[in-house]
Amino acid sequence: MRLLVVEDEAALADQLAAALRRTGYAVDIAHSGEEGCFLGETEPYDAVILDLGLPKLDGVAVLKRWRQSGLTMPVLVLTARDSWHDKVQGLDAGADDYLAKPFRQEELLARLRALIRRASGRASPQLTCRRIVLDPKAARVSLDGEPVILTSHEFRVLSYLMHHMGEVVSRSELIEHVYAQDFDRDSNTIEVFVGRLRRKLGSDAIRTVRGLGYQMEDV
Ligand code: CA
């Protein structure tokens, strides 16, 4: 899963991105409303954390633009402390959730997981595909109850496929959702990750749909 953080306070943005990367997400950072707006319009994010208090182009304006362009990715807005006005404006502009500053990182992570879960139409916090269980909170995977050690890229590929069980996911879609923007992308590596996942999780865990991509069964 790939996220965008739009936050003009560099230290807070870095801190957030580091926490998100530790939990298995690919993360892009934008330090201004303009940059954030552009990235949100051009890159496919699984969720966005958007600070409302940005210089020049503020968060509400960014969000309105995205929604007017028909972009539906889940957006969590960060609001000033105790500002009911911010919260109302954010939600009315198309935010899916909000969090007032200062906040606990654990709460932000939990709200994000819930947003991503809802966007993929799933109610259960854990994702299960036959013998495989993925826990987004702990960023852990198990097979028949036994923990399986994955690299961060293997985890992201599996997480994206499991959030889209039943769907055929193309290689290019996977690339866009497992790598951050500044990462050197090579489409062949997706095949390598899938090969390794099959070795660790069973050869039938991920199906190749010839010419289209990969699929995990929704069972
Ligand atoms: Ca700010």
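Me: What volume does the largest cavity have?
Reply: The largest cavity has a volume of about 100 Å³. Keep in mind that this is a predicted model.

Me: Which residues line the largest cavity?
Reply: The lining consists of M1, T23, G24, Y25, R113, I116, P136, F155, S159 and H163. Helix 5 (105-119) and helix 6 are the elements that give two or more residues to this lining. Helix 6 has the largest share, with 3 residues.

Me: What is the lining of the largest cavity like by class?
Reply: There are 5 nonpolar, 4 polar and 1 charged residues around the largest cavity.

Me: How many cavities of 30 Å³ or more does the structure hold?
Reply: The structure holds 2 of them. The second largest cavity has a volume of about 60 Å³.

Me: What lines the second largest cavity?
Reply: Its lining is made of R113, R117, S120, R122, S124, P125, L127, P136 and H163. By class that comes to 3 nonpolar, 3 polar and 3 charged residues.

Me: OK, pockets now. What volume does the largest pocket have?
Reply: The volume of the largest pocket is about 210 Å³. It is lined by 13 residues, and A139, R140, V148, L150 and F155 are the ones nearest its centre. The classes are 7 nonpolar, 3 polar and 3 charged.

Me: Which elements supply at least two residues of the lining of the largest pocket?
Reply: Helix 1, strand 8 (140-143), strand 9 (146-148) and helix 6 (152-163) each do. Domain 1 and domain 2 both give residues to the pocket lining, so the largest pocket lies between the two domains.

Me: Which residues does the cis peptide bond join?
Reply: The cis bond joins K101 and P102, with omega at about -5 degrees. P102 is in the loop between strand 5 (97-100) and helix 5.

Me: Switching to the metal. What coordinates the calcium ion?
Reply: D8 (OD), D51 (OD) and G53 (O) coordinate the calcium ion, at 2.2 to 2.4 Å. Along the chain, the donors follow the spacing D-x42-D-x1-G. D8 lies in the loop between strand 1 (2-6) and helix 1 (10-22) and D51 in strand 3 (residues 47-51), so the pair ties together parts that are 43 residues apart in sequence.

Me: Which is D8, and which is D51: buried or partly exposed?
Reply: D8 is partly exposed, with a relative accessible area of 30%. D51 is buried, at 3%.

Me: Last topic, the whole chain. How many helices and strands does the chain have?
Reply: The chain has 8 helices and 12 strands. Its radius of gyration is 18 Å, close to the 17 Å that the globule rule gives for 219 residues, so the chain is as compact as a globular protein of that length.

Me: What box do the C-alpha atoms fill, and what share of residues counts as buried?
Reply: Along the principal axes, the box is roughly 50 × 30 × 30 Å. Of the 219 residues, 49% count as buried.

Me: How far apart in space are R131 and L16?
Reply: They are 33 Å apart, C-alpha to C-alpha, and 115 residues apart in sequence. R131 lies in the loop between strand 6 (127-129) and strand 7 (132-135), and R131 counts as partly exposed at 42% relative accessibility.

Notes. Residues are numbered from 1 along each chain as its sequence is written. This is a predicted model: local features need pLDDT of at least 70, side-chain atom pairs count only at pLDDT 80 or more; totals for chains, interfaces and linings use all residues. Side-chain values use heavy atoms; hydrogens and water are left out. Donors are N, O and S atoms within 2.8 Å of the metal (3.2 Å for Na, K and Ca); water is not among the atoms, so sites may look incomplete. Helices (H or I, at least four residues) and strands (E, at least two) are DSSP runs, numbered from the N terminus. Buried means under 20% relative accessible area, exposed over 50%, partly exposed in between (1.4 Å probe, protein chains only). On a 1 Å grid over the protein atoms alone, a cavity is a set of points where a 1.4 Å probe fits but cannot get out, and a pocket is an open set with protein on both sides within 12 Å along at least five of seven lines; lining residues have an atom within 4 Å of a point. Grid points are joined across faces, edges and corners, and a volume is the space filled by probe spheres set on the points. Ala, Val, Leu, Ile, Met, Phe, Trp, Tyr, Cys and Pro count as nonpolar, Asp, Glu, Lys and Arg as charged, and the others, Gly among them, as polar. Domain bounds come from an automatic or database domain assignment. The radius of gyration is taken over C-alpha atoms; the globule rule is 2.2 Å times the number of residues to the power 0.38.
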